[in-house]
Amino acid sequence: MATTALTDIVTEAGSAETTLEFPDNRFLLELCGELDSNLKKIETATGVEITHRGNRLSLFGDEEQRKHSATILRAIYSRLEQRRPLEPGDVDAAIRMPSEVFDAPRDIDQIEMFKEDQIEIRTRKRIVEPRTPTQKSYVKSLFDYELVFGLGPAGTGKTYLAVAAAVSHYIDGHVDRIILSRPAVEAGERLGFLPGDMKEKVDPYMQPLYDALNAFLPAKQVLRMIEDKQIEIAPLAFMRGRTLSNAYVILDEAQNATSMQMKMFLTRLGEGSRMVITGDMSQIDLPKGVTSGLVEAEGILRNVKGIGFTRFTSVDVVRHPMVAKVIDAYDAAAKRNG
């Protein structure tokens with residue numbers, strides 16, 4: 001595998017410059033992105049100026065900024081050399097953790113070590129990779145533990161990665177079915193006032209779970225699996241009295257489960273099953289005075305051996321960058337208000 005050549009230069013004007021030379025111009029063009037969109041994203045994130053001439057990129061800025069940018073660029077280029085697809089989120093991931101997941105291997109032995117360290121979830125439609133160090137830790141937990149809690153703000157991939165892991169476990173034959181659940185707690189509307197039968201009433205609450213499934217499985221397969229009961233999507237209340245064996249079970253939006261519901265759900269775990277609980281404690285929609293079962297469960301179970309806890313923050317947000325800013329602003333306001 002060819003590698004990039006890197007040279008540090010001090011120009012006549014006295015400004016520091018780092019030049020990177022890339023052996024394959026096709027990969028370099030993909031690295032740069034349409035209208036150099038990827039380079040602009042890296043410039044914004046690191047504070048460097050990047051110029052593109054031929055098969056070279058020149059970096060201008062202070063030494064640490066140039067080193068950081070060079071690591072990101074070489075990491076992305078290495079990904080392309082391995083014929084791995086490059087999406088906008090992958091550029092964000094390289095900016096967040098270039099050396100952890102994307103750093104460029106330099107020889108055959110390093111390439112094999114790199115592959116072993118890679119963490120990815122394979123599904124029917126795509127390969128899913130963690131995009132932050134916390135996501136990486138979370139994905140490890142999803143495969144290492146039978147009971148996992150993913151806690152943190154919206155947009156951090158808690159549910160997306162959990163559903164991807166569920167699909168992967170099903171494809172590999174480790175479980176016979178996937179069970180996805182959420183509390184049907186209203187945020188302004190009451191279920192009884194909505195039109196339609198019970199399925200039509202609860203489906204809007206379950207839509208994010210349908211969306212996640214459709215990201216990893218062909219739509220026809222999802223429909224067939226639902227018809228065959230290999231996939232169940234149901235409100236939390238429907239879990240009472242069941243023992244969930246040989247299943248990958250996910251409870252989403254668990255901050256809206258009551259203490260009684262949470263204990264009921266956790267005790268459904270059966271032989272050969274795995275269970276993932278996700279939630280954001282800053283978005284509790286329960287009536288005033290009702291304790292969130294997720295908050296209570298964290299306090300009771302956080303030191304129990306064999307249970308994985310992953311806590312996300314705004315730096316793990318992989319949606320639009322503005323989402324992280326909104327979360328930080330609300331957190332700051334909450335602290336000011338006591």
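Leu-35 is exposed, at 73% relative accessibility, where exposed denotes over 50% relative accessible area, buried under 20%, and partly exposed the range in between (1.4 Å probe, protein chains only). The model is a predicted one, in which local features need pLDDT of at least 70 and side-chain atom pairs count only at pLDDT 80 or more, while totals for chains, interfaces and linings use all residues. Residues are numbered from 1 along each chain as its sequence is written, and side-chain values use heavy atoms, with hydrogens and water left out.

Leu-35 belongs to the loop between helix 1 (25-32) and helix 2 (37-46); helices (H or I, at least four residues) and strands (E, at least two) are DSSP runs numbered from the N terminus. Although not a glycine, Leu-35 has a positive phi of about 55°. Most residues other than glycine have a negative phi. Glu-253 likewise is not a glycine and has a positive phi of about 55°. Glu-253 is located in the loop between strand 10 (247-251) and helix 11 (259-266) and is partly exposed, with a relative accessible area of 25%.

Strand 7 (residues 147-151) is largely enclosed by the rest of the structure, because five of its five residues are buried. In a regular strand the side chains alternate between the two faces of the sheet. Leu-147, Phe-149 and Leu-151 point one way from strand 7, and Val-148 and Gly-150 point the other way. Strand 7 pairs in the parallel sense with strand 11 (residues 274-279) over five bridges, pairing being assigned if DSSP finds at least two bridges between two strands. In this pairing, Leu-151 stands opposite Gly-279. Strand 7 also pairs with strand 12 (residues 307-311), in the parallel sense and over five bridges; there, Thr-310 is the bridge partner of Gly-150.

Five aromatic pairs are present in the structure. Rings of Phe, Tyr and Trp (its six-membered ring) pair if their centres lie within 6.5 Å, and planes under 30 degrees apart count as stacked, over 60 as edge-to-face and the rest as tilted. The pair of Tyr-138 and Phe-312 is edge-to-face, because the ring centres are 5.1 Å apart and the planes lie at 80°. This pair links distant parts of the chain, 174 residues apart, with Tyr-138 in helix 7 (residues 133-144) and Phe-312 in the loop between strand 12 and helix 13 (321-336). Tyr-138 is buried at 0% relative accessibility, and Phe-312 is buried at 5%. Phe-149 and Phe-309 form a stacked pair, at 4.6 Å centre to centre and with 10° between the planes. Here Phe-149 in strand 7 and Phe-309 in strand 12 are 160 residues apart. Phe-149 is buried, with a relative accessible area of 0%, as is Phe-309, with 16%. Ring pairs also link Phe-22, Phe-27 and Tyr-77 into a cluster.

The largest pocket is lined by 39 residues, of which Val-128, Gly-157, Tyr-160, Leu-161 and Val-318 lie nearest its centre. Elements giving two or more residues to this lining are strand 6 (127-128), helix 8 (158-171), helix 9 (198-216) and strand 11. Helix 8 provides the largest share, four residues. On a 1 Å grid over the protein atoms alone, a pocket is an open set of points where a 1.4 Å probe fits, with protein on both sides within 12 Å along at least five of seven lines, and lining residues have an atom within 4 Å of a point.
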